[in-house]
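Please open the model in your viewer and keep the selection panel at hand. The stops below are meant to be taken in order.

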Amino acid sequence: MDTKKKKRSHVPLRLNILFLSVFIMFTALILRLGVIQIVHGTSFKAEADRTENITAKLDAPRGKMFDRHGRVVVDNKPVFSITFTRTNNTKKEDIYEVAQKLSEYIDKDTEELTERDIKDFYLSYKVDAQDVYENLLTDKEREELSDKEQYKLVIDRLDIEEIDLSEQEEEIAAIWREMIRGYALTPQRVKVGATEEEMALISERLDEFNGMIDIKPDAQRTYPYERTLQSIFGKVGQIPKEMIKGYELEGRDRNDLVGTSFLEQQYESVLRGTKTKINYITDKSGNPVGKPAENPGSRGYDIVLTIDMELQKKVEKIVEEQILKARREYAENNRLKSSYVVMMDPNTGEIYSMVGKELEDGKFTDVPFGNVYNQYPMGSTVKAATVLTGYQTGVIQPGTVLYDTPLKLPGTKIKKSYKNMGYVSDVEALQKSSNVYMFRIAMMMAGYDYDEKRGFTNPEKSFRTMRYYFNQFGLGVPTGIDLPYEDDGYNGGVKALGNLMDMGIGQFDTYTPMQMVQYISTIANNGYRMQPHFMKEIKSPSASAEEPGESIYQFEPNVLNRIDMKPEWIDRVKQGLWMVMNTKNGTAYTQFKDTEGYVAAGKTGTAQYDGDSYILTLVGYAPHDNPEIAFAVVSPYAVEGAINKEIGRQALDAYFELKEKGYTKDLSDKPEDEEEDVEKKNDR
């Protein structure tokens, strides 16, 4: 009885304890909610409503390029671009899916896909990357190297030949490559210059891309003279991967369009415009809120070039015709496929024309960059430098007479001129192109006694001395031309006496056509080595479609150095160069004896090259008494004929004819179709 009563008395106590516990818990919860809402409510609401301002940028149209007479040679045309914009939350699978969809609606060129691009795409989507890592990395490498170091090793070791992408996959890879270049919320150009059909297809399906794809107005480079000098004007594109870090240090964005070669690259800071800025407001998840605000940019500065486009086109035509003529008239010239010409003001360094033509499968292509990239033995054209070096070192004097007869050195072939000339003076040696005269200068510089067959005890000094003076003319050193890169020729090193003698006749060290025109210009202007340049003037953007704006900078002629030789010595050599083209024994008399309106001076050259072929060269200037134009002609793989002299004569004729005619803005000859079969064109 008592036991039952005791049991019943515990029940209310337990219930009371339970109710009390629940009451305390609810009280604590209510207090906590009160603290959150009353004390921290404002800050938490602000965090929930937090937004961020993000600015994206788009490139503005670049500055134009004009020739020296105001003709537009590089322009912009309005186009539309397909752009991709990702958010901070876009996954790599989403990017691939968009790229795959886009490939169905647009055509994307795959030529610019690099091996690295293909490998990156392959590892991202085509295979299980973990399996590749296990196959290409050792256990130790996977343990000790960082993720970045492992990836680099895998990329280096991955064999491109083992990657088999279909054409469709390559197109997807090319689209994907453009999409991943930049940052979140920054539009990336997937395709510049979309066709009307492509824009229509994309416009109908914009909803499929969840706001990541858009069509934006843009500008694309155009070339009114088609392929004429187009390669020298350069290309514009996305920042190359190897240059991204450098541009980022300058404050540039990864999605910037920049000049990637030649003049576009050289004058990137001038030609680039002020970017269009797009201001986004995003929530805390990185998603845009509302419509972005856009602040339009402005076009870049314009550049006036030193090039005369009409002269350029005339010289191009001359070179093509002379290559075909030489091949047709001399069967031995079957390997002759190219020629290079540079024409420059010797007093200022302004390049008027730079032509390179290459014949392949019956069609000519423009290769003007060969004038700064290709180097050859230039033959006797360097003999003016050899004679002046002889004066400077004291081994000969103006008027020195030497005997031209074959020379026999121990262990070498007989060294001689193309004929035995007997006694010749310094100017006659230039006029007739005596090899032996130059050989004797080299031997005397080396301290070699030909009669005793001994000497040449310090070959390093001999080679160093000759190169030192040749360098003063620009031979064997950079010319300083305003391009991102140039070849400075090939230094053959220090070898036997016979090689030093060969250097004196242009058959040991090698030089570029640009170095040759700088060299002859240095003689023409009485000893000043001028920097060759394409940029003449910078002008502000103009509202006119055809005319440049106001001048803000003009290139001042830049003297790189003055050669050591006395003015009277230079005049003596110039007399010999005049004799080359204006006296009966001159090696270019036949081609230049009857010039109209000008008298030229110069030097011919023939260098043995690649077996039984030759390099036919010519340098010169006109008028001889007051030079205003200098030129260099280089024709590799010729055997017979005078293509170098024919090109030089006709190029000078073209220059002086245009000068007499005066400036005309509209060229009489329209740009010709580069793809036309030149053999057929020549037959017309």
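This is a predicted model: local features need pLDDT of at least 70, side-chain atom pairs count only at pLDDT 80 or more; totals for chains, interfaces and linings use all residues.

Residues are numbered from 1 along each chain as its sequence is written, and side-chain values use heavy atoms, with hydrogens and water left out.

**Stop 1: the sheet.** Select the six strands of the open sheet, ordered S13-S12-S11-S22-S21-S20 with antiparallel pairing. Strands (E, at least two residues) and helices (H or I, at least four) are DSSP runs numbered from the N terminus; two strands pair if DSSP finds at least two bridges between them. At the edges are S13 (363-366) and S20, each pairing on one side only. Now pick S11 (338-344) and S12 (351-360), which are joined by seven bridges in the antiparallel sense. Serine 338 stands opposite glutamate 358 in S12.

Stop 2: Contact means heavy atoms within 4.5 Å.

**Stop 3: a pocket.** Select Lys416, Tyr418, Asn435, Gln507 and Thr606, which lie nearest the centre of the second largest pocket among its 28 lining residues. A pocket is an open set of points on a 1 Å grid over the protein atoms alone, where a 1.4 Å probe fits, with protein on both sides within 12 Å along at least five of seven lines; lining residues have an atom within 4 Å of a point. S20 gives five residues, the largest share of the lining.

**Stop 4: a buried helix face.** In helix H4 (115-126), the buried residues are Asp117, Ile118, Lys119, Asp120, Phe121, Tyr122 and Leu123. Buried means under 20% relative accessible area, exposed over 50%, partly exposed in between (1.4 Å probe, protein chains only). These residues pack against H3 (92-103), H5 (129-136), H7 (147-157) and H8 (167-179).

**Stop 5: the backbone.** Most residues other than glycine have a negative phi, and most peptide bonds are trans. Leucine 229 has phi near 60 degrees and sits in the loop between S5 (213-222) and H10 (230-233). Tyrosine 637, in strand S22, has phi near 65 degrees. Finally, the bond from alanine 622 to proline 623 is cis, with omega near -20 degrees.
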